[in-house]
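I am opening a notebook on this structure. My entries follow the order in which I looked things up.

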Amino acid sequence: MGEAGQWIAKPRSYSAGRQYTERFNTGVFGPHLTGPLTDGEDRPGAVRVGDTFLAYLPLFSDGAGHIGDSRYSRARSTLYAGGTRVFAVDTPLTGVSYELPAAKRSLRLTTDVSRPTTLSSVSTRVTAEWTFTSAHVTGVGQRLPLSVVRFTPRLSTESTAKAGTRFSVPFTVEGAATARTARKLAFSVSYDDGRTWHPAKAVDGKRLDLRHPAKAGAVSLRVTLTDAAGNTLKQTIHRAYRTVK
């Protein structure tokens, strides 16, 4: 079957005689931007160096915040500059490099990655679309103004929650925007694999307040965001987690 995926944890110290727990490979799997480029450390995101676009945007980081990639069954990533296609590849955005027009342009970046249910029953498809503007960058590279939303509900080790209950789904806006600086931030939830979507209530800019149907199934999550500068995000995690009796 080969490697299903990989997740990376930062080094940490352990003291003798104490017990520690580390959780890997449980949901919600999704995009994760870990902050600005500081101390020379490479972090997920997209940058522009001169007129070169570079992106490392893994879509399957786990619920504990470990940056991760997954084996996939289908992928499509594209970038448009002012309506002209810069590239279209059948891969995730995990190491792409392309040349951009030097003049200021409106850019639209999309990625759509699916993985087989035989590999994982959750986060079976993750999509994201960003719009922003960019022009030639002099000197060192400039981080492009992308945002993502990370969901961190308390799930079992099988990435499940209880059906028929009220359930809290904490979220964090990462990247160029935050939940407080976003001009528009709206959530939707689907309990039927994306056939129908319903508005999801955000409480205090920190969590979604959901009501799981009594019947066991799956919960898909969608978010749209516009930041103060007009940059946008559309992100969907299909089957973000399952519900069980």
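**Entry: a charged pair, from one end**

I began with Arg 125, which is partly exposed at a relative accessible area of 29%. My scale is this: buried means under 20% relative accessible area, exposed over 50%, and partly exposed in between, with a 1.4 Å probe and protein chains only. I then looked up its partner. Asp 112 forms a salt bridge with Arg 125, and the closest N and O atoms are 2.6 Å apart. I count a salt bridge when a side-chain nitrogen of Lys or Arg lies within 4 Å of a carboxyl oxygen of Asp or Glu. This pair links distant parts of the chain: Asp 112 sits in strand β8 (residues 105-114), Arg 125 in strand β9 (residues 125-134), and they are 13 residues apart. Strands (E, at least two residues) and helices (H or I, at least four) are DSSP runs, numbered from the N terminus. Asp 112 is partly exposed too, at 21% relative accessibility.

**Entry: what kind of model this is**

I noted that the model is predicted, that local features need pLDDT of at least 70 and side-chain atom pairs pLDDT 80 or more, while totals for chains, interfaces and linings use all residues. Residues are numbered from 1 along each chain as its sequence is written, and side-chain values use heavy atoms, with hydrogens and water left out.

I checked the confidence next. pLDDT is the predictor's confidence in each residue, from 0 to 100. The mean for the protein chain is 91, and 92% of its residues reach 70 or more. Residues 36-40 stay under 50, and the model has 5 contacts for them beyond four places in sequence. By contact I mean heavy atoms within 4.5 Å.

Another of them joins Arg 239 and Asp 193, at 2.9 Å from N to O. Arg 239 lies in strand β18 and Asp 193 in the loop between β14 and β15 (198-203), so the pair ties together parts that are 46 residues apart in sequence. Arg 239 counts as partly exposed at 21% relative accessibility. Asp 193 is also partly exposed, with a relative accessible area of 41%.

I also looked up Arg 48 and Asp 51. Their side chains meet in a salt bridge of 2.8 Å, N to O. Are these two residues buried or exposed? Both Arg 48 and Asp 51 are buried.

**Entry: the core**

I moved to the nonpolar residues. A nonpolar core is a set of buried Ala, Val, Leu, Ile, Met, Phe, Trp, Tyr and Cys residues joined through side-chain atoms within 4.5 Å. The largest one has 51 residues. Phe 53, Leu 109, Trp 130, Phe 151 and Tyr 241 have the most contacts inside it.

Leaving aside neighbours within four places in sequence, its contacts include Val 28, Pro 170, Phe 187, Leu 221 and Ile 237. Phe 187 is in strand β14 (residues 184-190). Phe 187 is buried, with a relative accessible area of 4%. Beyond four places in sequence, it touches His 198, Pro 199 and Arg 222, among others.

**Entry: rings**

The structure holds 5 aromatic pairs. Rings of Phe, Tyr and Trp (its six-membered ring) pair if their centres lie within 6.5 Å; planes under 30 degrees apart count as stacked, over 60 as edge-to-face and the rest as tilted. Phe 53 and Phe 87 form a tilted pair, 6.0 Å centre to centre with 35° between the planes. Phe 53 is in strand β3 (residues 52-56) and Phe 87 in strand β6 (residues 84-89), 34 residues apart. Phe 53 is buried at 0%, and Phe 87 is buried at 4%. Phe 167 and Tyr 241 form another tilted pair: 5.6 Å between centres, 50° between planes. Ring pairs also link Phe 53, Phe 87 and Tyr 98 into a cluster.

Last, I looked for charges over rings, meaning NZ of Lys or CZ of Arg within 6 Å of the ring centre and within 35 degrees of the ring normal. Arg 222 lies over the face of Trp 197, at 4.0 Å from the ring centre. Arg 115 lies over the face of Phe 29, at 4.8 Å.
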